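Could you walk me through this protein in the viewer, one selection at a time? I am new to this, so please tell me what to click next and what is there.

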Amino acid sequence: GTTSKPPFPELDFRSGARVEELNKLIQEFTKHDQREYDDQRALEIHTAKDFIFSMLGMVQKLDQKLPVANEYLLLSGGVREGVVDIDLDELNVYARGTDYDMDFTLLVPALKLHDRNQPVTLDMRHSALCHSWLSLRLFDEGTISKWKDCCTIVDHINGATNYFFSPTKVADWFYDSISIVLSEIQKKPQRGMPKVEKVEKNGTIISIILGVGSSRMLYDIVPVVSFKGWPAVAQSWLMENHFWDGKITEEEVISGFYLVPACSYKGKKDNEWRLSFARSEVQLKKCISSSLMQAYQACKAIIIKLLSRPKAISPYHLRSMMLWACDRLPASYLAQEDYAAHFLLGLIDDLQHCLVNKMCPNYFIPQCNMLEHLSEETVMLHARKLSSVRSDPAEHLRTAIEHVKAANRLTLELQRRGSTTSIPSPQSDGGDTNQPDDRLAKKLQQLVTENPGKSISVFINPDDVTRPHFRIDDKFF
């Protein structure tokens, strides 16, 4: 009789890499990239968060500009990780392990427009797609007088004066206010209070690195304008079929959006804001399979270093491509647990396709091409770099693994040199009063390990900073 040949191992046609080996490398990268937190680290995360929220409460009391009861959006990962669509070319380079151990982005509403149920119509006459100016005429007289000094003024022929909320002036005010508050806090240090290692204005965001025990936390704080509802310019997107249909409700997806302080390539920096759907993206993330997320994180680690000069592609572009892929491909295919290698190769192919065609549509406003402004020379340079990745993905994955292992070694070395004792909360002075914080640390550790990579929505009353109320996706505590 005939003897059947053993099945040939599955290979990637372009590179010849074994798919099984690529899967193992992605798993190894994930293992080192997602660190588990012990009670000590969980308590340090909580202490840093408390400090940042207390500081923002003091900023509100400084001149009453910020809303009294504010709702922040806390995202795991800094701005450089692509968690919001902000240009990276104005940001100083920070590296995990060298400069910080964990990074977060905190969206802080300077203004809120939360009393509307109909689609929000913005003034887009002066700006590029996905961008808008914001007139304070939408607000009451008290708000206008409070924020007048953070506006650009346009006088009309009929004698009326229009105040346009300025992202650059707001960022300047925010940085100055935070600096004043931190200076006051440091005059009266309390036991267990985080050490402020760095405060820098990076374009229109404020980056703060806190030392808490043996951990260093990077907080990228972004002043935003917060809206309930959905912008009229993205209304047609809701009419299409999407991968999240039936998994989460439309109400969850369109609960609100932001204007973030970023302008278009040719826009007026002092006036132009960028639409951000960060709140919706937190919800959509719940519908993405773990194998696709692992591939995305590995791909992101490769491109952040490879495509850093000149800055043209950000991890946010890759995130948009992943969302488009979720709409394009069957959910049953994307749910395959052992397909991470296929997804990684597909994301690289997608990114190269976008570069060669100089086309990357915004997921929520597809008529906005996020690569439109790039030169032919820049896109082809990056496409050629990606071609080298596609020819040997295993080698680039090994490099990404070595980088993340080196960052973890630096963190461990700092921990060994740093404090080994438990850190009391800023509210306590040690002793038995610290026990509730230990319980909270255990709860935090449990939530962190159960919800890797998820985002936290926070509601804080600055008049009572001892009682934070926050939510990891749909879990409250």
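Select Arg274 and Asp87: they form a salt bridge, with the closest N and O atoms 3.3 Å apart. A salt bridge here is a side-chain nitrogen of Lys or Arg within 4 Å of a carboxyl oxygen of Asp or Glu. Arg274 sits in strand 10 and Asp87 in the loop between strand 1 and strand 2, so this pair ties together parts that are 187 residues apart in sequence. Strands (E, at least two residues) are DSSP runs, numbered from the N terminus.

Before moving on, note that this is a predicted model, where local features need pLDDT of at least 70, side-chain atom pairs count only at pLDDT 80 or more, and totals for chains, interfaces and linings use all residues. Residues are numbered from 1 along each chain as its sequence is written, and side-chain values use heavy atoms, leaving out hydrogens and water.

Arg274 is buried, with a relative accessible area of 6%, and Asp85 is buried at 15%, whereas Asp87 is partly exposed at 35%. Buried means under 20% relative accessible area, exposed over 50%, and partly exposed in between (1.4 Å probe, protein chains only).

Arg80 lies in the loop between strand 1 and strand 2 and Asp220 in strand 8 (residues 215–228), so parts 140 residues apart in sequence are tied together. Asp220 is buried, with a relative accessible area of 0%.

Now click Asp101, in the loop between strand 1 (70–76) and strand 2 (102–113). Is Asp101 buried or exposed? Asp101 is buried, with a relative accessible area of 1%. A polar contact of 2.7 Å joins its side chain to that of Thr411; such a contact is a pair of N or O atoms within 3.5 Å, where within protein one must be able to donate a hydrogen and the other to accept it, and residues adjacent in sequence count only if both atoms are side-chain atoms.

Finally, show Phe165 and Trp273. Their ring centres are 5.6 Å apart and their planes at 10°, so the pair is stacked. Rings of Phe, Tyr and Trp (its six-membered ring) pair if their centres lie within 6.5 Å; planes under 30 degrees apart count as stacked, over 60 as edge-to-face and the rest as tilted. Both Phe165 and Trp273 are buried.

Key. Helix = DSSP H or I, 4+ residues; strand = E, 2+ residues; numbered from the N terminus.
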